[in-house]
Protein chains: 2
Amino acid sequence: MGASIQDVADRAGVSIATVSRTFTLPDKVLPRTREKVLKVAQDLDYTISRSASALKSGKSARIAFLTGGELDSWYDSHVLAGLNSVLHDAGYDIALYAVSDEQERHAFFSDMSIKRNADAVLVVSFQIPCTEADKLATTGIPLIGINTEPIPEFSATIGIDETSCMELVINHMVNLGHRKIAYVCLDPETEHFKWNGQARLQAFRSICSKLGDRVNPTVVYAPKDDTRADFALSQLARLDQHPTAIICMNDEYALPLLFCMQRSGYTIPRDVSVAGFDDSTYAHEIGLTTIHQDPYEMGKSSAQTLLKLLEGENPDMNMQIQPSFLAVRNTTAPPEH
Amino acid sequence: MGASIQDVADRAGVSIATVSRTFTLPDKVLPRTREKVLKVAQDLDYTISRSASALKSGKSARIAFLTGGELDSWYDSHVLAGLNSVLHDAGYDIALYAVSDEQERHAFFSDMSIKRNADAVLVVSFQIPCTEADKLATTGIPLIGINTEPIPEFSATIGIDETSCMELVINHMVNLGHRKIAYVCLDPETEHFKWNGQARLQAFRSICSKLGDRVNPTVVYAPKDDTRADFALSQLARLDQHPTAIICMNDEYALPLLFCMQRSGYTIPRDVSVAGFDDSTYAHEIGLTTIHQDPYEMGKSSAQTLLKLLEGENPDMNMQIQPSFLAVRNTTAPPEH
DNA sequence: CTGTTAGCGCATTCAA
DNA sequence: TTGAATGCGCTAACAG
């Protein structure tokens, strides 16, 4: 049951070094020898002990996944699945760190002597302060940002271009003839960790202000819990001028709002246009106009970049902008007059 | 940067043994000494090296998470988040194994000399053959099943009672006055890995047959891809007698079908009743009648059981049935006559 | 191409 | 309560 490298070496009539090599540097071993070793290993149900090889080689074979969101969110879970699909086969484990407040974030950076216990850090959906980014950067281990502000401390970042996505949505609304546009989002104060939350709101504001008189924007905050749709709707109803177009920070805001409005008697898009961000669960089936992005692919892609970094290559794709587009579907139309 | 146990020992004026003890057996160290060591460790940004302590102690501090589904599915991602919320704090990593065919499953059991590289195995949504379960069981490491057939090889299993859940749904329909009931699911041939798929279909059949003349059941298969709703609807339309009630294997079948039917002009529940399983994303907001279950809690709960097992306790809760109930909402009603 | 050797950093006996 | 000493199982020089 616990066959060691020694057992395999003995049985195969070679030294433990050769056994080790057949697994880590197979080319440096005569094919015949290699096969013999492999066969014995299989018979004995032997594989390298990760702990031992990690200790000796100084690489932990672990990647830290640091998220400011929830692991079971649409975004994070898809990124994770994408990451794992390549990192697992490359022999890496992913250590999950879900950090929900400053204290926990601080704990991550101070408690964990990262350098010794992870070969790289992936920062997901997270505003990471420069001081802490710096601290990581100086350890010399790769730091990859997924859906984060592209600060120079990162060895690489990947994400969509939030600003141009927002521009796509706003332009779509404006081109349809909308002027009174509301943006529904979580209060940025309550989610100062999440990068896309910040970025989208800021983009909304700056694009609208560039558009000047052509738009009449409002921002409505809604909490993250189950009541968000009701809350948002009542806020919207309370506005002096009712918006004819509503853009939501993500589909998890847009869809419940859509359901809620339909239940309240609105017909979408006749009475009001609604758009979301992400193209997440059921957006397609429901026909929601939204920004499409693919976090699974982003996970895969960043894993590949990471592997290169780990092999010492210096991929020049340090700031990858992942493809995204506006999927125009059935919840947006010209305003009624 | 890379402070070792030696550095800490030197600076604190103690031996490395004492440093080691302050972290692993803090009680066996004089409070004063402990604090001194802790302080130095903090200054030096030192923590135990996982690889080294794993090697020495013979425990890898890794838990294998073996799933037959997708990591980014509603179910798996919630289980994983729940697991991580307790295992992470207990010092364990979760190694993710997403296995999609027999070959990969076989690879898991043969390639991975599990015993040396994981302290326990969690099997999620997975039909695991007895021979392989046995192989795991004989290694002596805990084997926990989540949403799996409760076979004796498992040290513990956790899940909902699929049969009684199905009974709840069918009875609900029957009590409303439905007789012609269709069950929409993935063809079991294509998902012979997934336990709940099998269990639910079997439960549907056996409960209906127990009900005899009171019901007139049909089973309709639909693929897993984007076309499932259209496909299911066309299959249903083709039936000799149109069902007045449709039960779907899970919400991911029920909701798209619901949308699709509404688009096709059906009014739910006036024209037909629809129920799902899981109470997953948006089921609540949409008002879908469905079986509620909480995979996050199941993850937490199994992690706690696992920790006990790992500490040598033998929790007698070896077969935990997690609470679940039928959430009756707005997609089921008596049939029109 | 293969074997010998010397640790990697820590946990744990055994003495003190 | 603490320290000295001994490997855990493997990898990476190095020598052959």
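**Legends to the close-up views**

**View 1. Asp279(A) and its loop.** Asp279(A) sits in the loop between β9 and α13 (283-286) of chain A; helices (H or I, at least four residues) and strands (E, at least two) are DSSP runs, numbered from the N terminus. Its phi is near 60 degrees, a positive value in a residue other than glycine. This is a predicted model, in which local features need pLDDT of at least 70 and side-chain atom pairs count only at pLDDT 80 or more, while totals for chains, interfaces and linings use all residues. Residues are numbered from 1 along each chain as its sequence is written, chains are lettered from A and ligands numbered from 1 in the order in which they are written, and side-chain values use heavy atoms, with hydrogens and water left out.

View 2. Ile268(A) and Pro269(A) are joined by a cis peptide bond with omega of about 5 degrees. Pro269(A) belongs to the loop between α12 (251-263) and β9 (273-278) of chain A. In chain B, a cis peptide bond with omega of about 5 degrees links Ile268(B) to Pro269(B), and Pro269(B) lies in the loop between α12 (251-263) and β9 (273-278) of that chain.

**View 3. Helices α1(A) and α3(A).** Helix α1 (residues 5-12) of chain A packs on helix α3 (residues 31-44) of chain A at an angle of about 125 degrees, with the axes 9 Å apart. Axes are lines fitted to C-alpha atoms, for helices over the stretch in contact, and angles run from 0 to 180 degrees between N-to-C directions. The angle makes α1(A) oblique to α3(A); angles under 35 degrees count as roughly parallel, over 145 as roughly antiparallel, 65 to 115 as roughly perpendicular and the rest as oblique. Asp7(A), Val8(A), Arg11(A) and Ala12(A) of α1(A) touch Lys36(A), Val37(A), Val40(A), Ala41(A) and Leu44(A) of α3(A), contact meaning heavy atoms within 4.5 Å. This contact of α1(A) with α3(A) has 6 nonpolar, no polar and 3 charged residues (Ala, Val, Leu, Ile, Met, Phe, Trp, Tyr, Cys and Pro count as nonpolar, Asp, Glu, Lys and Arg as charged, and the others, Gly among them, as polar).

**View 4. Helices α2(A) and α3(A).** Helix α2 (residues 16-24) of chain A and α3(A) pack at about 95 degrees, their axes 10 Å apart. That makes α2(A) roughly perpendicular to α3(A). Thr18(A), Val19(A), Thr22(A) and Phe23(A) of α2(A) make the contact with Thr33(A), Arg34(A), Val37(A), Leu38(A) and Ala41(A) of α3(A). By class, the contact of α2(A) with α3(A) holds 5 nonpolar, 3 polar and 1 charged residues.

View 5. Chain A is superposed on chain B by a rotation of 180 degrees with 0.0 Å of shift along the axis (RMSD 0.1 Å); copies are superposed by least squares on the C-alpha atoms of residues with pLDDT of at least 70 in both. That is the relation of a two-fold axis. Of the residues of chain A, Ser51(A) comes closest to the rotation axis, at 2.4 Å (C-alpha). The same surface serves both copies, as 98% of the contact residues of chain A recur in chain B.
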